[in-house]
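Here are my notes on the model, point by point. Please keep the structure open while you read.

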Amino acid sequence: MTARGSISTAIPVSAARRSAPAMESGIVLWLRRNLFNGLYNTVLTLLALWALFVTLPDFINWAVIDAVWHTQDSKVCRQASGACWAVVAEKHRVMLFGTFPYDEHWRGVLVIAIVVGMSVMSAFRRLWSYRLFGAWLVATGAVFVLLLGGVFGLTPVGTHQWGGLPLTLVMFAGTVVGGMPAGVLLALGRRSSLPAIRALCTGFIEILRGLPLITILFMASLMFPLFLPEGVTVDKFLRAQIAMMLFFAVYAAEVVRGGLQAIPRGQYEAADAIGLSYWHKTGRIILPQALRIALPALVNEIIRAFKNTTFVSIIGLFDVLRATSTALQDPLWVLYSIEAYLFIFLLYFVFCFAMSKYSEHVERDLAKGRNL
Amino acid sequence: MTGDEQPNPMNGASSAIVELRGVNKWFGDFHVLRDIHLTVGRGERVVICGPSGSGKSTLIRCINRLEEHQEGDIIVDGTLLTPDIRKIEDVRRKVGMVFQSFNLFPHLSVMENLTLGPILAQRVPEAEAEARAMDLLERVRIPEQARKYPGQLSGGQQQRVAIARALMLRPKVMLFDEPTSALDPEMINEVLDVMIELAEAGMTMICVTHEMGFARKVADLVVFMDEGEIVEAAAPEMFFARPENERTKLFLSQILH
């Protein structure tokens, strides 16, 4: 009861402005907050440290100290107790370029350099312009000239001879570049007010989404040619590419649809009210916002598409993974497949990690309210 | 006006810019608009009020066809509204609309919010659109916010941007759908002031609002709606001093204290 009275008098006329209390910092505090806050976490931390203590020295011995780095003789590896990284040096050309003609591997190197270089360039927002778009068109042309040959005195190479990392990269780029617009159109179609278009898109998405990628690839590879008239053939690489593209498109479509559903109705109405046509409304108001919302999930799909390229091996295309397993059929080196696969693991990891880091960066930028 | 409209015999002589004749609309089985007749002349200011759910928002949303009506005719500046999308887009460019929740485009700057419509829908050159936008931003007293994004503005500022955006296409009619209902009390007046200035400049306006002070000040006609029908329509002096219908009296007694 007395407190009531004191509250009203205790409020100062104007509380002085103060700066926020200083944050405690330092590594000890960080450790205490993150690793040793409470008994449960402390036990987990100690268990993890113990597990590291038991396994790490052995791994370092195997991977670094006792490892064989350079040799052309697999017997040297057999005598060593550590990893045989020499297998990567010895087999890297088959692993990276598969069945591509040996003397033309420099063309594969150039393709990898072009794709990686252009991707890095595209990551800088400053460089985004029509010129970059033009550069991509030129780069795409260059990639196909280099891979196919037949012009400028380059030896022709059929798509059945393509392989390794260039094949993986081209398959991936084609999947995303072709599948993304298709996915956006499917998502818009599924929300269309025209019943025929809506039914068509919904059916297409649901059917393809209900099939495993392997089934779709088998259909593209084995069944599709049966339906073609005699004498007409469609290149196997192209068939696989289209299958991958469509598979990516239906998943991207559902992700984009999720983004579209998050846009409030008022945005559509405001766009309608200023007399924008459907495509202006969609392209300038709705999609930019929807894609922004869908971005994290889209990057997830893109990373998955990169890893899904390994599936093309089952219809006989030599992507990096298939090329590696082929390279390891050499009886001299067959024992060292772990090292070779670890190298491939690292390769995939570098690509996927780079993509996920970049998308984090883009998301941060967008969160600042900057215009894309 | 576009050239392809057929002359409307019933419309010829009148100076009406918006005309509703026997308009009926249902949401499912719910009869939301019941036999609405309303004529708005050029330069006229109409305020529509009524309890929530009375159909007043639906009514003005039918005028630029954000909602479709099922029976009756709506004629805007000589154009009869039909499902023809080209005509609808044409009418929408003559009718500005301001929403309760502003509905600015959050991914575009204030300037882009304003210039997008003229540039895309009317092919106005960018420089001209920007000049027009600056002019309007000055009229709504926020020229300094042109490069900001809607999320950085207060509610009152956002609504003023929304008014400027609606004016960008140089509409012949402005529709306001409860423009101050989502605002904090201290921001209501800055928006009403802009609306009053607009009215004084001779703009034809149809406003759904509960701001009775605004209605008294600028309206030529106050319309009271209840349960989907127009119960009473009169000049503000008459409407507030001598309401005829019981429902109007009840509503006014609840809203004016």
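1. Start with Arg190(A). This is a predicted model, and in it Arg190(A) has a relative accessibility of 16%. The cut-off for buried is under 20%, so Arg190(A) counts as buried. Its salt-bridge partner is Glu206(A), with the closest N and O atoms 3.0 Å apart. The pair links distant parts of the chain. Arg190(A) belongs to helix H8 (residues 164–190) of chain A, Glu206(A) to helix H9 of chain A, and 16 residues separate them. Glu206(A) is partly exposed, at 34% relative accessibility.

2. Now the second chain. Lys94(B) and Asp77(B) form a salt bridge through their side chains, at 3.4 Å from N to O. This pair, too, links distant parts of its chain. Lys94(B) sits in helix H2 of chain B. Asp77(B) sits in the loop between strand S4 (71–76) and strand S5 (79–80) of chain B. They are 17 residues apart. Both Lys94(B) and Asp77(B) are buried.

3. A local pair comes next. Glu246(B) and Lys249(B) form a salt bridge, and their closest N and O atoms are 3.4 Å apart. Both lie in helix H9 (residues 246–255) of chain B. They are 3 residues apart, so about one helical turn separates them. How accessible is Glu246(B), buried or exposed? Glu246(B) is exposed, with a relative accessible area of 57%. Lys249(B) is partly exposed, at 34%.

4. Back to chain A for a network. Which residues do salt bridges with shared partners join into one network? They are Arg190(A), Glu206(A), Arg209(A), Glu254(A) and Arg257(A). Over all chains, the salt-bridge count comes to 32.

5. Leu208(A) is worth a look. Leu208(A) lies in helix H9 of chain A. With 12% relative accessibility, Leu208(A) counts as buried. Setting aside residues up to four places away in sequence, Leu208(A) touches Ile216(A), Leu246(A), Phe247(A) and Val250(A). Ala249(A) is 41 residues from Leu208(A) along the chain. Their C-alpha atoms are separated by 9.5 Å.

6. Helix H10 (residues 213–227) of chain A has a bend. H10(A) has 15 residues and reaches 20 Å from its first C-alpha to its last. That is close to the 21 Å expected at 1.5 Å a residue. Where is the kink in H10(A) centred? The kink is centred on Ala220(A) and is about 40°. Ala220(A) is also buried, as are Leu213(A), Ile216(A), Leu217(A) and Ser221(A) of H10(A). One of the buried residues of H10(A), Ile216(A), is touched by Leu208(A).

7. Now the interface. Chain B brings 23 residues to the contact and chain A brings 22. The area buried between the two chains is about 1,900 Å². Carbon and sulfur atoms give 59% of that area.

8. Polar features cross the interface as well. The rule finds 2 salt bridges between chain B and chain A. One salt bridge between the chains joins Asp272(A) and Arg92(B), with the closest N and O atoms 3.8 Å apart. There are 6 residue pairs in polar contact between chain B and chain A, with both residues at pLDDT 80 or more. On the side of chain B that touches chain A, helix H2 (85–94), strand S6 (95–98) and helix H3 (110–121) each supply at least two residues. The largest share, 5 residues, comes from H3(B).

9. Last, a loop residue. Ser109(B) is placed in the loop between S6 and H3 of chain B. Leaving out residues up to four places away in sequence, Ser109(B) touches Ala146(B), Arg147(B), Lys148(B) and Tyr149(B).

Methods: Residues numbered from 1 in each chain as written. Chains lettered and ligands numbered in written order. Predicted model: local features only at pLDDT ≥ 70, side-chain atom pairs only at ≥ 80, totals over all residues. Heavy atoms only, no water. Helix = DSSP H or I, 4+ residues; strand = E, 2+ residues; numbered from the N terminus. Expected span 1.5 Å × (residues − 1). Bend = angle between axes of the 7 residues up to and from the residue. Buried < 20%, exposed > 50% of the residue type's maximum accessible area, 1.4 Å probe, protein only. Contact = heavy atoms within 4.5 Å. Buried area = accessible area lost by both parts, 1.4 Å probe. Salt bridge = Lys/Arg side-chain N within 4 Å of Asp/Glu carboxyl O. Polar contact = N/O pair within 3.5 Å; in protein donor to acceptor, adjacent residues only side chain to side chain.
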